[in-house]
Amino acid sequence: QAFSLVAQGPLVMEPHWEAALMVMAVLASVPVSIKGLALVNAIKRWRRKQQRLDKINKDYETLRSVRKDAVYHYGWANSRGDYREADGHEEHAMEIDEKLKALKSQYEAISAGKFEEAEAIVIEQSKDK
């Protein structure tokens, strides 16, 4: 005997099977939707984290530039013999060093996912920016 697989027209289901398939499709879509929402939330959290890290990095680079200028002016004031001004620039550079240290700690805490620890680190805002 030979079997032949010939299409005999469109596949038609009985109504109760169509309803059962619809119910199964809806039930299957619920976990997918929940996972989809979790994925969207994870992406949003990651994006916020990256934005915070980018801002800290920008602030850090700005302070490094300000520190570089303070060190330059310190050397210049010393070369002119204006030691009082040099002391002011040295103090300014040391203040910036503390702020850079705090920014680095904050960056590392956020990178490690320790957001509460990062919030506890306070960086004094001043004329440096």
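Predicted model: local features only at pLDDT ≥ 70, side-chain atom pairs only at ≥ 80, totals over all residues.
**Entry 1, the core.** I looked up the largest nonpolar core and found that ten residues make it up, among them Leu53, Ile56, Leu63, Ile96, Leu100 and Ala118. Helix 1 (15-80) and helix 2 are the elements that give two or more residues to this core, and helix 2 supplies the largest share, with five residues.

My search of the whole structure gave five salt bridges. In one of them Lys55 pairs with Asp59, with 2.8 Å between the closest N and O atoms; because the two stand four residues apart in helix 1, about one helical turn separates them. I noted that Asp59 is buried, at a relative accessible area of 11%. Arg64 forms a salt bridge with Glu61, with the closest N and O atoms 3.7 Å apart, and these two, three residues apart in helix 1, are also separated by about one helical turn. Arg64 is partly exposed at 45% relative accessibility, and Glu61 is partly exposed at 39%.

I then turned to Arg80, which forms a salt bridge with Glu85, the closest N and O atoms lying 2.8 Å apart. Arg80, with a relative accessible area of 41%, is partly exposed, as is Glu85 at 30%. Salt bridges link Arg80, Asp82 and Glu85 in a network.

Last, I looked up a negative surface patch, and found it formed by Asp87, Glu90, Glu91 and Glu95; I located Glu91 in helix 2 (residues 83-111).

Conventions
Residues numbered from 1 in each chain as written. Heavy atoms only, no water. Patch = residues over 30% accessible without salt bridge, like charges linked within 9 Å, V, L, I, M, F, W, Y side chains within 5 Å. Areas by Shrake-Rupley, 256 points an atom, 1.4 Å probe, with all protein chains shown as cover. Salt bridge = Lys/Arg side-chain N within 4 Å of Asp/Glu carboxyl O. Lys, Arg positive; Asp, Glu negative; His and termini not counted. Charge placed at Lys NZ, Arg CZ, Asp CG, Glu CD. Core = buried A, V, L, I, M, F, W, Y, C linked by side-chain atoms within 4.5 Å. Buried < 20%, exposed > 50% of the residue type's maximum accessible area, 1.4 Å probe, protein only.
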